[in-house]
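Open the structure in your viewer and keep the sequence panel beside it. The tour below says what to select at each stop.

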Amino acid sequence: MVENRVVQGRMVTPKKLAEIVEGESVMEADSIEEADRDCPDCGGDVLKVGYMPSVTAFITGYKCQDCDWREREE
Ligand SMILES: [Zn+2]
């Protein structure tokens, strides 16, 4: 299983990817998956990661592999 993925030319762990989406540190992150969608900005591949920014919250984060586009879904 591939844990780390390349995002904008950098290798990131699930936790690091979650932190890029959240904009600050997170407690825990699930593994990175391919999201079944394209980036609305550049049409690039979008990755998906579920994570917990705090004990009471679970967020699904989306991040484009090629540009700055990201989205969080509560
Ligand atoms: Zn993009």
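Which residues have the most contacts inside the largest nonpolar core? Select L17, A18, A29, L47, V49 and Y51: these have the most contacts inside that core, which has 14 residues. A nonpolar core here is a set of buried Ala, Val, Leu, Ile, Met, Phe, Trp, Tyr and Cys residues joined through C-beta atoms within 7 Å. α1 and β5 each supply at least two residues of this core, and β5 gives the most, with 4 residues. In soluble globular proteins, nonpolar side chains tend to be buried together.

This is a predicted model, in which local features need pLDDT of at least 70 and side-chain atom pairs count only at pLDDT 80 or more, while totals for chains, interfaces and linings use all residues. Residues are numbered from 1 along each chain as its sequence is written.

**The whole chain**

Show the protein chain as a cartoon: its secondary structure comes to 1 helix and 7 strands. Helices (H or I, at least four residues) and strands (E, at least two) are DSSP runs, numbered from the N terminus. Along the sequence the pattern is β-β-α-β-β-β-β-β. The C-alpha trace spans about 35 × 25 × 20 Å along its principal axes. Buried residues make up 27% of the 74 residues. A residue is buried if 20 or more other C-beta atoms lie within 10 Å of its own, exposed if 12 or fewer, and partly exposed in between, with C-beta atoms placed from the backbone.

**The helix**

Next select α1, residues 14-22, and colour its buried residues, P14, L17, A18 and V21. Looking down the axis of α1, these buried residues fall within an arc of 100°, so they line one face of the helix. The arc is that of the directions from the helix axis to the C-beta atoms. The buried residues of α1 pack against β1 (5-7), β2 (10-12), β3 (28-29), β5 (45-52), β6 (59-64) and β7 (70-73). After α1 comes G23, with a positive phi near 85°.

**L47 and its contacts**

Now select L47. Leaving out residues up to four places away in sequence, L47 touches R5, V7, L17, I32, E34, A35, K63 and Q65. Two residues are in contact if their C-beta atoms, placed from the backbone, lie within 7 Å.

**Last stop: Q8**

Go to the loop between β1 and β2, where Q8 is found. Phi of Q8 is near 50°, a positive value in a residue other than glycine. Most residues other than glycine have a negative phi. Q8 is partly exposed, with 13 other C-beta atoms within 10 Å.
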